[in-house]
Amino acid sequence: MNRHPPLNGAVSIFSSVLCKVVSSTTEAKLAALFHNGKEACPMRIALEELGHPQPPTPIVTDNQTASGIANNDMRQNDQKQST
């Protein structure tokens, strides 16, 4: 019986200061989602080249509006009301 937990935790932590001023938390969260996605791409490519096929990488946020914009689940009118 294998008693070790699965190894599927966070493998990278990224922090930076945005170079632009944003006018809402939604814009800040979208910028963070973009930067996290940029960080994930080289890791996914490297793992695939090493023979480890990668399923889609989930990138999550606690901001419902940012999530709706990123997933194309939100109409333009909804964005202005939620921010």
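Student: Which pattern does the chain follow, read along the sequence?

Tutor: The pattern is α-α-α. Before we go on, this is a predicted model, where local features need pLDDT of at least 70, side-chain atom pairs count only at pLDDT 80 or more, and totals for chains, interfaces and linings use all residues. Residues are numbered from 1 along each chain as its sequence is written, and side-chain values use heavy atoms, leaving out hydrogens and water.

Student: What makes K29 and D62 a salt bridge?

Tutor: A salt bridge needs a side-chain nitrogen of Lys or Arg within 4 Å of a carboxyl oxygen of Asp or Glu. The closest N and O atoms of K29 and D62 are 2.7 Å apart, so the pair qualifies. K29 sits in helix α1 (residues 25–49) and D62 in the loop between α1 and α2 (64–70), so the bridge ties together parts 33 residues apart in sequence.

Student: Why is D62 called exposed, and why does K29 count as partly exposed?

Tutor: Buried means under 20% relative accessible area, exposed over 50%, and partly exposed in between (1.4 Å probe, protein chains only). D62 has 66%, so it is exposed. K29 has 29%, so it is partly exposed.

Student: How do you know that R44 forms a salt bridge with E48?

Tutor: Their closest N and O atoms are 3.7 Å apart, so this pair also meets the cut-off. R44 and E48 are four residues apart in helix α1, which means about one helical turn separates them. R44, at 22%, is partly exposed, and so is E48, at 39%.

How values were computed. Helix = DSSP H or I, 4+ residues; strand = E, 2+ residues; numbered from the N terminus.
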